[in-house]
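Below is a brief report on one model.

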Amino acid sequence: MEEHVRICHFRNHYELTRKNLMVKNLKRYRKTLEREVGRLEAAKCDFFPRTFELPSEYHIFVEEFKKSPGNTWIMKPVARSQGKGIFLFRKLKDIIDWRKDGSRSEEQKDEAQVESYVAQRYIENPYLIAGRKFDLRVYVLVTSYIPLKAWLYRDGFARFSNTRFSLSSIDDQYVHLTNVAVQKTAPDYDPEKGCKWQMQQLRWYLTAKHGFETVQTLFKEIDNVFIRSLLSVQKTIINDKHCFELYGYDILLDQDLKPWLIEVNASPSLTASSQEDYDLKYRLLEDTLHIVDMEGRLTGKEKRIGGFDLMWNDGPVYTDVGLEALGSSCLVANTHLGCVNDREKQLQQLLKPFPGQKKT
Amino acid sequence: MMDESTELSVSITQIVQRLKGTHLHSQLEKQAKECLHKPEIKLETLKDDVRRVLKASGWERKLQNAVYRELHVLPPPGHPRAPPEHTKEPLAYMLKAQASWEKRILKSLNSMCTELGIPLARKRPVMEQKELTNKWNEMGTDEPDLSNFRPVYAPKDFLEVLIGLRNPNTERSDDLTVKSHWGLIQVSLNVHDIPQMRETYAELGLSYGQLGIDDHTHVPPDLFESEHIHIGKKVVSEQDSAAAQQYSRQGCPTGLRAQLWSLILNTTNDPEDITHYEQLKARVIHHNLLVDNLIYKDVKLTASNDDYYFVFEDYLYQVLLCFSRDTAVLEHFNYNSASPPKSSIQSKSGSEQCAVVYPPNGVIPFHGFSMYVAPLCFLYNEPSKLYSVFREMYIRYFFRLHSISSHPSGIVSLCLQFERLLQAHLPQLFYHLREIGAQPLRIAFKWIVRAFSGYLSTDQLLLLWDRILGYNSLEIVAVLATAVFAFRAENLMEVTSLASAEAVLADLSTLKVMPLLQIFLFATSI
């Protein structure tokens with residue numbers, strides 16, 4: 001491949017984006033941490049709900065299942081997106097039936113190989129806003145795995161379920177799944193309604209409810225989810241300096257304001273559900289291309305480009321402001337998810353006109 | 001004319017009268033009795049000792065807050081011979097105009113009721129009551145057929161009434177003369193100009209820090225923000241209502257706003273308040289009112305379609321349905337130029353018609369009413385707490401936005417002030433817009449009636465409402481309306497029709513409220 005070519009995927013990104021492989025990598029990384037560093041450090045990886053790959057881990061799953069009867073579990077196909085093939089269950093009987101019978105569609109039966117599923121502990125106490133469940137879509141751009149260099153976008157959104165949350169209606173998949181794709185087919189979906197909040201709106205709401213410090217801690221923990229998940233696949237992903245990848249992370253908050261990783265998407269949806277949504281995705285793509293920097297305008301030492309903040313650069317990245325303003329030796333992380341995104345001004349200051357361009 | 005000391009004693013008597021028999025009164029008595037057991041209380045100095053203990057335990061502060069609240073709500077004592085109408089509205093022609101407007105609204109409501117054949121109120125059958133109880137937290141999922149209901153009135157209907165207001169004492173000439181007003185409002189009221197406002201709103205000046213300006217990302221927090229937040233925390237821990245109000249003038253930090261507003265409004269969430277709310281809820285369950293449908297329709301048309309507020313749909317029903325049935329709201333009609341509408345309802349025996357206040361709280365909702373509640377959902381999520389705050393805000397401020405009066409915070413004054421400010425400081429713009437048939441008030445009216453709710457982004461709106469609470473006046477709303485026009489003046493000078501003027505001012509969601517206000521008040525040359 002030529003020097004200047006850039007590809008927007010890593011060859012084996014599925015190590016992170018396929019649910020069964022992600023879980024495997026995370027579990028392995030966690031074990032390594034526990035062995036090499038200790039329990040406390042390993043506990044920082046406890047942001048994914050108990051997950052088992054089926055059919056391979058069926059028996060371990062059953063053991064875990066029996067330990068906590070009455071809990072709800074969610075079954076997800078490994079390689080599908082947009083909420084297809086997902087369902088909830090509480091009794092083993094429900095999946096035994098499913099395993100045996102033709103509740104699978106024709107499409108599935110035609111597939112040569114047995115489709116892999118993961119069974120995951122369902123989070124029964126999600127954080128609700130006005131009785132509605134929501135999840136977060138956050139964008140993380142990785143430009144290199146070895147060394148790991150990752151950027152976090154300030155914008156993002158919270159996707160609300162159109163209906164009110166209650167555990168009694170397991171069959172109503174519209175309640176539990178917050179993917180816009182699924183919501184769009186729900187009977188009371190009103191496209192005018194826009195079931196999304198910008199990340200700024202959400203952060204502001206949470207701050208008004210819980211106070212600045214609590215929300216600050218929450219967002220730090222969310223950063224942790226990204227970093228740990230990327231570190232867990234650092235050694236498995238085939239690094240290539242031509243590659244970069246924009247991930248769409250799905251995060252769920254529970255009532256104790258703990259973030260949970262639901263999944264990572266390597267091809268996050270870029271279709272827009274509204275003008276606001278279009279603007280967000282447009283800016284996101286524009287800034288992604290700025291970082292990829294095919295024009296060679298950047299020095300490589302930048303900590304912020306447009307709406308992206310450098311989150312990890314072979315080590316944690318701290319803001320420059322943090323050190324002076326606080327006066328103590330407290331280091332402030334360089335991420336600003338849900339904060340003001342004055343990217344245009346920043347870009348103007350950052351990008352010098354490239355060679356050949358006349359100065360206006 | 002009463003002299004100051006008589007006025008003061010009258011006020012004191014009034015306040016004591018109002019506080020007697022309240023929950024706070026019984027709590028204070030209880031506390032006083034309990035502290036008799038304390039060893040430091042001596043019989044000889046009983047009064048002083050008890051006072052000291054109550055002060056130390058924070059009860060004096062609570063009483064102070066309650067008195068402070070009464071001072072806000074109580075109208076100034078008038079002449080002993082003046083009839084009660086004077087407290088509602090001293091100008092007779094305004095009172096009359098309000099009365100005839102009310103008659104119109106009520107007629108419209110009654111005719112809708114007759115047309116649709118729906119009773120104004122009916123008792124719900126048991127099945128329906130049960131269903132509603134189950135669905136209480138998700139009333140938004142209900143999709144009743146509301147196509148036959150129309151809002152009783154919309155802001156623009158109200159504007160027409162205001163435009164038609166005339167003071168019978170002035171020269172009655174419908175021709176446009178040099179003496180008549182350029183704008184739509186044709187009555188003269190005393191409104192403030194910029195030099196006067198610079199004094200009143202001193203804390204918004206350029207030498208003071210503000211939230212909404214000095215908490216911007218590129219301003220180091222040391223300059224203002226950190227200290228301000230620190231002070232805010234102290235104010236909350238001291239539980240001082242007056243201090244909170246003063247503090248709010250420079251903006252409330254997001255994390256403290258809910259507590260600060262609660263303190264300023266002196267709303268509590270005691271068991272007593274929760275019980276009151278539950279009683280209202282029970283009334284909703286037992287009876288269906290015609291206005292309920294109007295509320296549903298309003299929420300569905302406005303808040304549910306708003307990007308920020310759609311989430312809170314259920315809360316809005318929980319608050320507004322209860323609000324309609326709260327007879328405690330009737331008290332505010334003592335100082336409101338409006339009077340509660342009375343409808344004739346068949347008495348139980350069916351033989352006679354008697355006049356009852358309808359709806360029970362005397363407030364007929366209009367199109368957009370739910371937007372008074374929606375922004376508060378960002379701050380409070382316990383229904384009873386949300387309810388208390390909304391009710392207090394309504395009886396202190398919001399009611400003035402849809403009743404005809406001469407009060408400085410009343411809608412007439414606000415509209416006049418807006419027009420006057422615009423004429424004085426942007427005369428070319430005003431003239432231009434008038435010439436193309438785009439009277440500025442026609443565009444700004446909807447913002448003013450809703451105190452900008454639904455037009456600004458929520459964080460900006462709450463910064464504005466911080467100042468409404470801080471200065472205990474809605475005047476700032478009129479000033480902001482003018483400042484918005486000033487900001488978009490260049491574009492507005494280019495337009496040639498009302499429609500294009502509306503288009504220039506259609507989207508206010510990106511505006512930053514505090515810089516606009518500050519520039520207009522303190523950087524406009526006079």
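## Chain A overall

Chain A holds 13 helices and twelve strands. The model is predicted. Of the 360 residues in chain A, 53% count as buried.

Contacts in chain A are counted here at a separation of 6 or more. Residues 24 or more positions apart make up 70% of these. The accessible surface of chain A is about 17,700 Å². Carbon and sulfur atoms account for 53% of that surface.

## Helix H4 of chain B

Helix H4 of chain B covers residues 59-73, 15 residues in total. At 1.5 Å a residue, H4(B) should span 21 Å. Its end C-alpha atoms lie 21 Å apart, so the two values agree.

Which residues of H4(B) are buried? They are Trp59(B), Asn65(B), Ala66(B), Arg69(B), Glu70(B), His72(B) and Val73(B). Viewed down the helix axis, the buried residues of H4(B) fall within an arc of 160 degrees, so they line one face. In general, an α-helix has 3.6 residues a turn, so residues three or four places apart point the same way.

What covers the buried residues of H4(B)? The cover includes helices H1 (4-19), H2 (23-34) and H3 (46-56) of chain B. It also includes H11 (241-248), H12 (257-265) and H16 (383-396) of chain B.

## A nonpolar patch on chain B

Leu8(B), Ile12(B) and Val16(B) form a nonpolar surface patch. Together they have about 280 Å² of accessible area.

Leu8(B) sits in helix H1 of chain B. Is Leu8(B) buried or exposed? Leu8(B) counts as exposed because its relative accessibility is 53%, and the cut-off for exposed is over 50%.

Technical notes. Residues numbered from 1 in each chain as written. Chains lettered and ligands numbered in written order. Predicted model: local features only at pLDDT ≥ 70, side-chain atom pairs only at ≥ 80, totals over all residues. Heavy atoms only, no water. Helix = DSSP H or I, 4+ residues; strand = E, 2+ residues; numbered from the N terminus. Expected span 1.5 Å × (residues − 1). Buried < 20%, exposed > 50% of the residue type's maximum accessible area, 1.4 Å probe, protein only. Arc of directions from axis to C-beta. Contact = heavy atoms within 4.5 Å. Patch = residues over 30% accessible without salt bridge, like charges linked within 9 Å, V, L, I, M, F, W, Y side chains within 5 Å. Areas by Shrake-Rupley, 256 points an atom, 1.4 Å probe, with all protein chains shown as cover. Salt bridge = Lys/Arg side-chain N within 4 Å of Asp/Glu carboxyl O.
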